[in-house]
Structures are given as C-alpha cells and as structure tokens.
Amino acid sequence: MSPGNLDFLRLYTTKEAYLIQRGDASDDSSCLVVLRSEQRMFPMSVQDGRSMLGLTAVSLSEAIQAVLGRLEIEGESYLFVVADASHAATLTSYDQKEHPVMRVDRVRALPLSMTASATENGTQEQSQRGLGNAGKSALNKLKSGKMALMKFVNEKMINPTPSMLEEILRLFNPTPTTSDFYYCKDRDITHSTQRHFEQRETGESDERFFWNRHMLDDLYADDVDEEMAKPWRLPITQGFASSSELRFDGDEEEGEGGRREDGGRAVLRVTLLSRRGIKRAGARYLRRGIDDDANVANFVETELLLNNDGHHVSFVQVRGSIPVFWTQEGMRYRPPLAITKTIDESAPYFVMHMERLREDYRLKEERPKSREGEEKEEERKEREEKECELKHLGNVVAVSLVDQGGREQALAMSFVEHTLRADKPWLHLLSFDFHRHCRGLNFDKVSTLVSQLSPLLDDMGYCWVDREGRIARAQRGVVRTNCVDCLDRTNVVQSAISYRVCMGQAMRMAVFGPCAEPPERLVEAIKKMWADNGDAISRQYAGTAALKASMTRGENKWFGMIKDGMSSVRRYYLYILHDATRQRAINILLNQPDLAAESRQTSMDDDSMPEEREEDLNENLQRLLKETIDFVLPANEVLICGWPLVNPATDGDQVDTVLLLTRQSVYIAIYDEDAERLEDVHIVPLQEVEGIEVGRPSRHSRVCLRLVTTQGAWTMRPGKERLFNNVIIGLRSGEEADEYVESIAEQLRVTLEMMRGG
C-alpha cells in the first residue's frame with residue numbers, strides 16, 4: 001500500500017507526544033494522540049490534537065500503515081505501528097464494497113519514555129541484546145559438551161539476554177519461524193462471512209481472534225469518546241490470508257492478493273482465511289490440551305470463501321488440541337504425552353468446550369419486534385418454535401486423527417471416553433487413525449473419511465449471502481478436526497473436507513455443470529492455498545513448515561509425513577532455549593499469565609544429561625524406523641530388514657535416510673533434516689538393482705554403501721548408531737562402522753540372490 005492512495009497514516013513525533021492521523025484527514029475527523037507523560041493513547045479531533053502539540057502545515061511527518069496499540073514491556077511503554085504492509089487477500093462487506101486484507105510486513109516499536117530508543121526492522125538501535133553472533137557461538141559451544149550446554153541454558157534461559165521487546169517484535173516481523181499477521185481497515189477481519197452479515201455494522205469484534213485487543217485497552221476506557229475511538233480500534237489476527245481470482249472465459253488472471261491484472265471480468269474469487277485464537281495461544285510443547293476456562297491450544301478457525309457475481313458462499317472449520325488435560329513437557333528430545341487429570345475432573349470442561357463451539361457456530365437470527373414493543377401472539381409462538389428448533393440444529397462434528405495405538409493411544413481413548421460421558425445428541429465423533437488407514441502412502445483413504453462425513457456435512461450446510469447482502473442459507477454447526485499437534489494430518493483432512501464442500505458450492509454457482517469435471521485452475525488454487533495455510537499455521541505453533549504440505553499441494557511426488565521422534569538437534573535446542581522465551585512474549589502481548597512450564601528455573605543433573613540424551617536419540621531412531629515402515633510399506637509387504645542411515649554429502653551424523661528391504665523391493669526414504677519432512681521415497685523392484693558397491697567416495701574418509709539401479713544410484717553410510725537385533729546401539733569406532741556397511745551390503749546381496757533365483 002503506497003502513500004499515494006491516501007490510505008496511509010501520518011505520524012508526527014514531538015518531545016511531548018506522538019500524533020497519528022489519516023493522510024487525507026479533515027480538521028474534525030479523529031486523530032490519535034499518545035502522550036509520553038501519561039503513557040496513554042487519546043483519540044480526539046485532528047484540530048484539537050494538532051493545536052495541543054503546536055503542529056503546523058509544514059511540520060514533518062512520516063508515513064505508516066496502521067496502529068497496533070500500546071504495550072508495556074519490562075517497565076517501558078511502547079507504541080506499536082505497522083510500517084509496511086502488503087495486499088494478501090480481498091473481502092467484501094455487507095454493502096458489497098471490496099476491501100483489501102493486508103499482511104503485516106514490518107512493525108516498529110516507538111518508545112514513550114525519552115530514555116529508550118526507537119526500534120527499526122525488529123532490532124533496537126541501542127545496544128544490541130539479541131542472540132546475534134554471540135548466540136550462534138553459544139549454540140556451537142552447545143554441541144561441544146555438557147558444561148557448555150548448562151552454561152548456555154543458565155545464561156539464556158534463567159537470565160535471557162534478548163530483550164522481551166525484541167522477542168515481541170519477532171512475533172510481528174517476518175522471520176523463518178514466525179510471521180503472518182493480517183488486518184483489514186474497512187471490514188472486521190475477526191469475523192467470518194456469516195458473522196459479518198449477521199451483525200452488519202452493529203457487531204463488536206470477535207475477541208477470540210483479536211490479537212491486539214490488550215494493546216488497545218486505552219481506547220476502550222470509560223472516559224474515551226466512543227466515536228473518536230472507533231476508527232483506531234483496528235483488530236489484527238494471526239493466521240493466513242490469500243485470494244485468487246479466476247475467470248473461465250480465457251486464461252486465468254491471478255494477482256497478488258487476488259487482484260485483477262487486466263480488465264477481464266473475474267468470474268470467481270477464491271479466498272482462504274485462517275484466524276488463530278488468542279485463548280491458550282503459544283508454542284507447541286508449552287500449550288497443549290484444554291485449560292480451566294475450556295479453551296484449547298492451537299485453536300484456529302479456517303474459512304474458504306467464494307465470491308461470484310455479487311454472491312458470497314463460505315464454509316468454516318476449526319481445529320484445536322484434544323480437549324482434555326494433557327501436557328508434553330520435559331527437557332528431552334521429544335517429550336512424552338501425559339494426561340494430567342482424570343475423566344471425572346476433566347469431563348465438565350470437555351462439555352463446556354463443545355457447547356461453546358455449538359453456540360459460536362450456530363445461526364444467530366434477529367427477532368422481529370412489534371411497533372409498540374409488544375409482540376403479537378402468533379409472532380411469539382413462531383419465535384418460540386424457531387428457538388426450540390434451533391436447539392436441535394447445529395452439530396459439532398469432531399474428527400480425531402490420532403493413532404489408535406502406540407504413544408498416542410491414551411489420548412485417542414480419552415477423547416472417546418469423554419464423548420461417551422458427555423452423551424450429547426449433537427456431538428458426533430469420528431476416529432480415523434490417519435497413519436494406519438493411509439499406510440503405504442495410500443492417501444486416497446482420506447476420501448473414505450470424507451464420504452463418511454458427507455451426511456453430516458449436508459445437514460450442516462454452508463453460508464450463502466445473496467446480492468442484497470441477505471443470508472439466504474446458513475451454516476449450522478462446525479467440523480472440529482485434530483491430531484496431536486493439529487498441524488499436518490489436520491491440514492490434509494481439512495483441505496479434503498473443504499474441497500468437497502467447495503466443489504458443491506461452485507456447482508451451485510454455475511461455475512461448472514453437474515456432468516463436468518471441476519475446473520483445473522480452481523482445483524489447483526484451492527490445493528495451493530491449503531498447503532500455504534498449513535505451512536503458516538505450522539510455523540506459528542511449531543516453528544517449522546507443515547510436514548505434509550506436498551500432499552496438500554497435490555504434487556506428483558511422495559508426500560511429507562511426521563518425522564515422529566526424529567526431531568533434529570536443532571528442534572531440541574529450539575524447544576529448550578527459545579520456546580519458553582517466545583511463550584512469555586506471547587503472554588505479554590495477550591496479557592495472559594505465565595504458566596509453570598514457562599517460568600520454571602531450568603536445572604539439569606550433571607551426571608544424567610549425556611546419558612538421557614543418548615537414550616532419547618536411540619529411542620527416537622527406533623521410532624523413526626518403525627513409523628517409516630508402518631507408513632511407507634503396504635500392508636501385504638514383507639519386511640526383511642531396515643536401516644537408518646546418513647547421506648554422506650551432508651555434514652554431521654544426523655540420520656536423513658531410511659533403507660528398507662522387502663522380498664519385492666528396496667525402499668529409500670529420504671528426509672529433509674531442516675523441515676523434518678519425508679521429502680521423497682524411491683521404490684526400486686529387486687530386478688532393477690544393478691549393483692551393490694562398498695568403498696570410500698572421493699574426498700571422504702568413511703566407507704559408504706552405493707546402491708546402483710535402473711532408476712539411479714544412492715550412496716549412504718551409518719551415523720553414530722547401528723541396528724542389531726532390532727535394537728539401536730552405538731558404533732564405537734570407524735572400523736566398526738565400516739564393518740556395519742559391509743554387513744548391510746551382504747544382507748542386500750543374499751536377499752537379491754534368493755529372490756532372483758541366484
């Protein structure tokens with residue numbers, strides 16, 4: 001958004017205050033004055049504000065895009081403003097006007113005291129207290145031994161050197177791990193299409209998704225002029241937003257944020273919006289399950305919206321952590337899952353959460369009023385009948401994708417038990433063991449789940465708003481999907497549900513006929529949006545992109561899967577050394593209390609630290625091997641042996657390849673260490689294996705295994721562990737590692753000879 005369109009704001013800075021006004025503001029319009037002496041924001045008329053500060057027509061100002069609000073951090077008060085923003089999507093309001101949804105690209109923090117310095121690009125101009133080179137050096141020392149690790153933890157966690165201001169700015173300013181805040185100046189972005197058209201101009205923002213509500217407390221004070229304050233109560237939300245405009249009378253024209261690139265009429269605009277909840281918001285391992293207010297972690301509302309010829313149709317889904325009391329804490333590689341309250345203790349909160357969902361996602365209809373304020377008898381009866389009918393409308397459909405066995409089994413069973421205990425006719429639970437049903441990378445089985453959901457989806461319906469801005473059809477109820485993290489598996493299933501509903505909507509809007517295939521451009525646009533949405537939600541909660549994004553995108557490659565347990569050393573240190581600090585920054589931003597896990601004083605036993613870490617590594621390697629076997633191999637495939645190995649082209653001994661040998665084929669599963677994603681799987685029938693070589697590649701000191709096939713060649717070597725009788729044990733020397741490579745090669749040769757007849 002450029003200053004030339006007069007939609008920007010002017011920021012004036014004086015010794016006494018900041019003054020912010022619209023670029024084209026008149027004297028009687030509202031401005032925002034932020035007094036340094038009172039550490040508070042005051043809305044008033046432009047004329048009064050400029051007069052109070054002695055500003056003239058030639059006073060210098062700078063352009064900004066929006067005001068987020070005021071926040072007190074470590075005893076200092078700061079005004080947060082959006083310096084740069086870009087167009088991400090487009091929404092239409094009840095008056096049929098189109099409004100841009102802006103992505104926050106850069107946030108500045110302006111100090112209200114005279115001693116602190118302003119921030120630029122997310123870093124302080126005063127002495128740098130961020131990790132920087134010192135932090136990188138400390139991370140390198142971390143790998144050298146136990147004492148370095150303990151020293152680093154004591155310095156960085158107990159007395160964190162990065163200022164909390166910098167941590168909060170990292171939440172807003174795009175980085176490899178966090179970003180994705182959005183706002184819309186002329187339509188409340190916290191509301192779905194149905195809520196917006198139900199409430200029209202009378203509705204308040206939905207505080208579930210109002211991320212800067214605490215920052216705007218000054219503007220909700222009792223002594224504030226309501227009309228002057230309204231223009232500055234701009235909600236922002238964390239999540240995802242994207243629009244794509246498609247026309248089917250020629251080539252697809254798609255611009256940034258869904259804008260037209262030429263004069264051609266766009267037949268259909270597709271928009272995907274996700275809104276992350278502020279209740280129980282935070283980092284993955286520090287925010288799990290439900291709390292005493294029946295809020296769940298990683299609660300996200302996602303809406304797919306189609307706009308065509310003045311009509312708007314939308315379908316809303318939600319995701320959220322399993323609504324029981326459970327945690328995943330601990331200073332180890334992948335903390336265990338632990339249910340912390342009995343069903344008798346947690347059942348009331350489970351029911352409260354589900355009832356709140358049902359209330360939030362039912363149709364809220366306005367009731368007709370008589371002229372004298374007295375209802376006619378027939379109107380009263382009709383109203384009561386309709387209210388009684390609404391009590392039986394609006395299902396909550398819970399879809400649980402957690403494993404029915406293994407480490408997730410307790411959570412899966414607890415969800416079932418709580419649902420049975422609740423005994424609500426409007427609450428439906430479908431358990432779908434994603435990894436078991438989709439074994440052998442058979443993701444077509446997801447369509448089986450969607451087919452089972454179809455009757456419930458038909459009863460639930462979707463929102464349809466006509467050209468007059470009236471709700472012609474409403475969505476009653478909501479689908480609530482979860483896995484353990486509510487990330488990868490959840491995004492895959494939500495995208496499949498969304499696709500099913502969206503194709504029905506598009507057919508009703510005459511985008512394509514009942515006997516025709518859906519337009520490829522529409523299909524591809526939806527796949528891309530859902531994949532990007534999955535990456536964004538994963539970054540915000542877990543710090544990495546979604547592990548199954550390639551599947552959601554519909555790429556003709558093998559798909560990402562959860563690298564359960566095989567979290568890299570980077571993930572381990574990220575959790576220990578950064579997540580607690582990031583959580584405290586979120587807590588300050590949202591004015592929510594620190595929990596014990598975030599404020600704990602980190603302590604490690606001198607003797608147990610190395611052994612515990614080695615034990616975790618071995619446990620996770622076994623889990624990685626088992627889950628690769630379960631997920632990659634078809635059910636009828638007989639496994640002979642499997643080995644976790646390392647690509648010799650990479651540095652270090654981090655396992656990134658799993659080699660599986662069956663009676664029919666060799667499977668080479670290749671992982672991306674940084675993204676913790678199964679990047680690719682190569683299936684080579686035994687008859688296509690041309691050679692098995694053992695030796696040292698050029699410029700390499702370690703003996704490696706090279707598998708030569710008609711499809712290509714793959715080179716592998718062991719890391720620091722070997723598999724012996726299905727147990728992971730450490731390799732004690734280079735000679736032992738070389739012997740291990742020879743044994744793998746021999747196993748491959750023997751199997752080839754037996755299966756190929758010599």
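Reply: Leaving aside neighbours within four places in sequence, Arg 233 is in contact (heavy atoms within 4.5 Å) with Leu 216, Leu 219, Tyr 220 and Glu 226. The model is predicted, so that local features need pLDDT of at least 70 and side-chain atom pairs count only at pLDDT 80 or more, while totals for chains, interfaces and linings use all residues. Residues are numbered from 1 along each chain as its sequence is written, and side-chain values use heavy atoms, with hydrogens and water left out.

Arg 233 lies in the loop between helix H6 (226-229) and strand S12 (236-246); helices (H or I, at least four residues) and strands (E, at least two) are DSSP runs, numbered from the N terminus. With a relative accessible area of 13%, Arg 233 is buried, a term that means under 20% relative accessible area (1.4 Å probe, protein chains only).

Burial also marks helix H4 (residues 164-172): 8 of its 9 residues are buried, so H4 is largely enclosed by the rest of the structure. Among the buried residues of H4 are Glu 166, Glu 167, Ile 168 and Phe 172. In the chain, buried residues make up 56% of the 758 residues.

Two helix pairs may be described next. The axes of H12 (residues 488-508) and H13 (residues 520-542) come within 10 Å and cross at roughly 150°, where axes are lines fitted to C-alpha atoms, for helices over the stretch in contact, and angles run from 0 to 180 degrees between N-to-C directions. H12 and H13 are therefore roughly antiparallel to each other, the term for angles over 145 degrees. Residues of H12 including Tyr 499, Cys 502 and Met 503 take part in a contact with H13 residues including Ile 526 and Trp 530. The residues of this contact divide into 9 nonpolar, 6 polar and no charged; Ala, Val, Leu, Ile, Met, Phe, Trp, Tyr, Cys and Pro count as nonpolar, Asp, Glu, Lys and Arg as charged, and the others, Gly among them, as polar.

The axes of H7 (residues 343-360) and H9 (residues 409-422) likewise come within 10 Å, crossing at roughly 75°. H7 and H9 are therefore roughly perpendicular to each other, a class that spans 65 to 115 degrees. By class, the contact of H7 with H9 has 7 nonpolar, 3 polar and 3 charged residues.

Overall, the secondary structure of the chain comes to 18 helices and 31 strands. Among contacts between residues at least 6 apart in sequence, 66% join residues at least 24 apart.

Note on methods. Angles under 35 degrees count as roughly parallel, over 145 as roughly antiparallel, 65 to 115 as roughly perpendicular and the rest as oblique. Buried means under 20% relative accessible area, exposed over 50%, partly exposed in between (1.4 Å probe, protein chains only).
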